[in-house]
Amino acid sequence: MVKCKPVYKNLNLIKSFSEQQYATVQWAEQCCQNDEWLRQQVEKLKYLTPPAIRKNYNIRTFFDEKSSYGCKVNGGEVGFNNSVSESILVDFTDMSLIDYSKSTVDFVTEDIGDGESVTYCRLQQHPVKTPPNVETFGTSTGGSNNSFWYVGYNKSKNYNLKADWLKDWKRYDIPSVCRAQTFKAKYSGALTSIDLKLDYNGSSSKSCASPVYVQIWKTYKKFVPKTKWNKTKKKMEYNYVPYASKYKGYQRYNKYQKKLKYTSGKHKGEYKKDKNGHILTETAYRKASNGTYVIEREYIQWLGHNKKNPKYQKGVNNPYLSDVYHPLAEAVYDKAGNPWPNIQFEKPVNIKKEETYAIVVFSPLSDWKHCPRWGGWGRNCKRDNIYPDGNAFMSEDNGRTWKRYGKNGVDTGENGKLLEYKKGKYTPQDFAFQCHVETNSGSSSAVYNDDVEYLYLNPIFSNPIRQVILSYNDNGSETVNSENHIHVEYEYSTDGDYWTKVTNTSVITFDENKPTMLLFRAKLWRDTNVVEGNDTYGNLTPHIENININLVTVPAKEMYARTSFHDPNTEGILGASVWGRIFAPFSKDATVNCEVEIIQGSTVTDHFDFIRLNDVDEKLSLLGLDYPVVANYIDEERAIYLTDHPEILTELKSRYVYVKPYEFENKLYLLSFSPSPEDMIVYKTSDDDAFSDYDLGGLSFSNEVAFPIQKVRLQAPEHEGLDNGVDVFSEWIDYTFDYENNKLIFKPETIDDIVDGDLYITYNPVFISGLSPEEVGIHIDSSTGLYSEGLILDYFKETILVEEVHLETRRVSLKAKPVDPIRQVYLYKNGIDDEPLELFENKDFILDIESNELVFTVNVNDSETIILSQGDILEIVYTPNLEDNKIALGYYATREDIDMQVHIKDVYFEVKV
């Protein structure tokens, strides 16, 4: 038999075959050709469609017990937990049992020998620090100095600012006069601050173009021969050294008088420089070990001297001093009014005893008329009365080269006359300073806190509880240690509101309302008469070694089973969705209800702004909301106004802004936290009475929230009562979460204490919920008989019956967030078997991507009606927008008869390649 050619043709185009006529040969042949064409197209789909990678999971190992409750592995399945007992041991090896957000105790692990260790909880310790020992040295702090030398832009130069100078004040091409004072450290330790004697030309430091920059530099000394060989004259000559002072010229050694003598003549005013261009200075002649006389020369050291420095290159004119020199310490002083200020170094520098350093002071861009002046003593003063272990220095190129002492102060504005005495008439000999050195960092010891501290356990979810038997090992309970002035008490709660004390091995019985959740906490404290180091009590602290909680239960009637996250390798996966299929089969007995949800792996953090009543006006203005201004109202009037106009609070809540409750006299205005417009105010009968029990409204979320919530924290950096400005809240203790209605509800006592700030709630969103066994398991189409497995994640088809609410809102919600655009929308007016009418986006409807809704447009000729009618059927085909790289499954089930069961079986996931 010869195969038909794959040629497609519409059969209606064959003229020889029509209604009420027999089949012709041409028609039969065309049917064969159409069939062959269709077969080949199907083959193309098979080999052109990318393969899917499948990952199978055994539900016993894939089951996440810590995020589940009321369920248990039964054989090879997961189902309701029918156990009648459960035991929880808290020995601090599994820290997932601890609620860190509420616990204040410390957890300690100690080695007990033989490679074993034990972990327990105890009171925290706080350090008690002994202040460090501070030594001071330097010049006198009295008023004996009456001269001040300016620091700033060279007054002999025309004042001219360059853009580069404003960017970097450390450039040495700035003609800046800066001063330095060398000193010998009397102590080893951390130089934390210095005192300087400062005055100002002009009104104050505020008028200076630059602040006072103070740095610490290292100095060094070099010994050179007293005489040297002159190659030109071929004879020995004295090695002259500069000696700048009110006397001009050099000093030289008189071999007859055996002392230094001043010279004059051609050397007057000249300075000898080394090969780096630095002017040399001397301190004294000394006799070396070989019997020859040498000169001790002192340098203020910067890294440009060091040829090993990679930034140093001989002959390179680098204008940035900051590129080649990094001081040991630096501080900025820009205050005024204190003639003897203490200048703190942000990073103290360690100095060594007997080594020499320099205090260097800059204010490079400050003009002579508005600049700081550093006080000290001139060369005309007697040396022995000042500071013998250092010298004053001067630089005229912003610290690149230095002269010891400097030169007489010439006032260029008065025909070269010397300045007045107090403004630096004579060359400075020493500047006034004092150094403060911490010779030790102080000592610290750990002391146990005297406050009551708490150990909180995370909520314990179980089957309905009949009895609880609590036992523990500690050193502070009354039954263990009643006379040691250390205490431990245990409490339990079923709602986080009311706590009941419980003792060792006591039995707690629940007859009627059997809880499925329990909270436990322990209080640890010491008496105030326990003294650290006391022989009787020593450093004793209450501590807990372990807690054993035994539960007697009945079979669960409610369960939530959560799987771990499937996290495939998604490298190279393309497309709107990497997910292909989820197969999660389960079966259930007749009276069991069970639904499945898909949980996204990425966490979402919703932000809520908690504000006070008097911040409402500012927030409305910032959000651009046009409402009447209530700024002139007092808080009570403002609370009344907002209560009478709840639409303002509703608008703010839509922007995630919540106004905290406000209490005045016998009224509590709930404001944004009211459960309804009819319950805006809570009353009490008198000033001494507490408010009657009341409910609060909850916070609404942008997504459906998966159990359990990850974290709830409030950020209020400026609030002193919070640890680092953060307050962390715990479910059941501080708030409850209504997972059915997707609302977080704070408890009244939590709202009473909460401060205004930014609330951040982190959770895993639910991608889609309410899935039935047929949608995620085996599905057989009743009309076609086709067999399929699981939920196809990149192709959703929803069939929706149009009801009155759809007509009123003109909105139809989708189960999952769709990829834009929608694939197809069909409207069936007379039942699903009728010929459908295809609807088009932007003509018949628009897609609201934020709310996952189709919004239907009104008819052109009728401004009130839409194309839909009650009883119509919509068939919507779209691609779900599931962008996460990992997902998990959650099964929620209930039963009334404990003999009924649900059977959750192995699952598999498919991803596209």
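**Close-up 1. Threonine 119 in strand β6 of this predicted model****.** Let's start with threonine 119, which sits in β6, a strand covering residues 116-122. With a relative accessibility of 16%, threonine 119 falls below the 20% cut-off and therefore counts as buried. Its side chain has a polar contact of 2.9 Å with the side chain of threonine 109. If neighbours within four places in sequence are set aside, the residues in contact with threonine 119 are Asp91, Phe92, Val108, Thr109 and Glu545.

**Close-up 2. Arginine 373 in strand β25****.** Here we move to β25, residues 371-378, where arginine 373 is found. Is arginine 373 buried or exposed? Its relative accessibility is 5%, so arginine 373 counts as buried. The side chains of arginine 373 and asparagine 201 are joined by a polar contact of 2.7 Å. Tyrosine 200 is also worth a look: its C-alpha atom lies 5.5 Å from that of arginine 373, although the two residues are 173 residues apart along the chain. Beyond the neighbours within four places in sequence, arginine 373 is in contact with Phe148, Trp149, Tyr150, Lys197, Leu198, Asp199, Tyr200, Asn201, Lys422 and Lys423.

**Close-up 3. The open sheet β47-β48-β49****.** Three strands, in the order β47-β48-β49, make up this open sheet, and they pair in the antiparallel sense. Why is one side of β47 and of β49 left without a neighbour in the sheet? Both strands, β47 (662-664) and β49 (681-683), stand at the edges with a single partner strand each, so one side of each has no neighbour there. On average, and with direction ignored, neighbouring strands of the sheet are turned by 20° against each other. Between β47 and β48 (residues 667-669), the antiparallel pairing runs over three bridges. Follow this pair and you will find tyrosine 662 opposite tyrosine 669 of β48.

**Close-up 4. The largest nonpolar core and a second, separate one****.** The largest nonpolar core holds 53 residues, and the members touching the most others are Ile598, Leu874, Ile876 and Tyr891. Strand β67 (residues 887-894) gives the most to this core, contributing four residues. What does leucine 874 touch, not counting residues up to four places away in sequence? Its contacts are Glu798, Thr799, Ile800, Val802, Val812, Val825, Tyr826, Leu827, Leu839, Phe856 and Leu868.

Definitions and conventions:
Residues numbered from 1 in each chain as written. Predicted model: local features only at pLDDT ≥ 70, side-chain atom pairs only at ≥ 80, totals over all residues. Heavy atoms only, no water. Pairing = 2+ DSSP bridges. Helix = DSSP H or I, 4+ residues; strand = E, 2+ residues; numbered from the N terminus. Axes fitted to C-alpha atoms, helices over the stretch in contact; angles between N-to-C directions. Core = buried A, V, L, I, M, F, W, Y, C linked by side-chain atoms within 4.5 Å. Buried < 20%, exposed > 50% of the residue type's maximum accessible area, 1.4 Å probe, protein only. Contact = heavy atoms within 4.5 Å. Polar contact = N/O pair within 3.5 Å; in protein donor to acceptor, adjacent residues only side chain to side chain.
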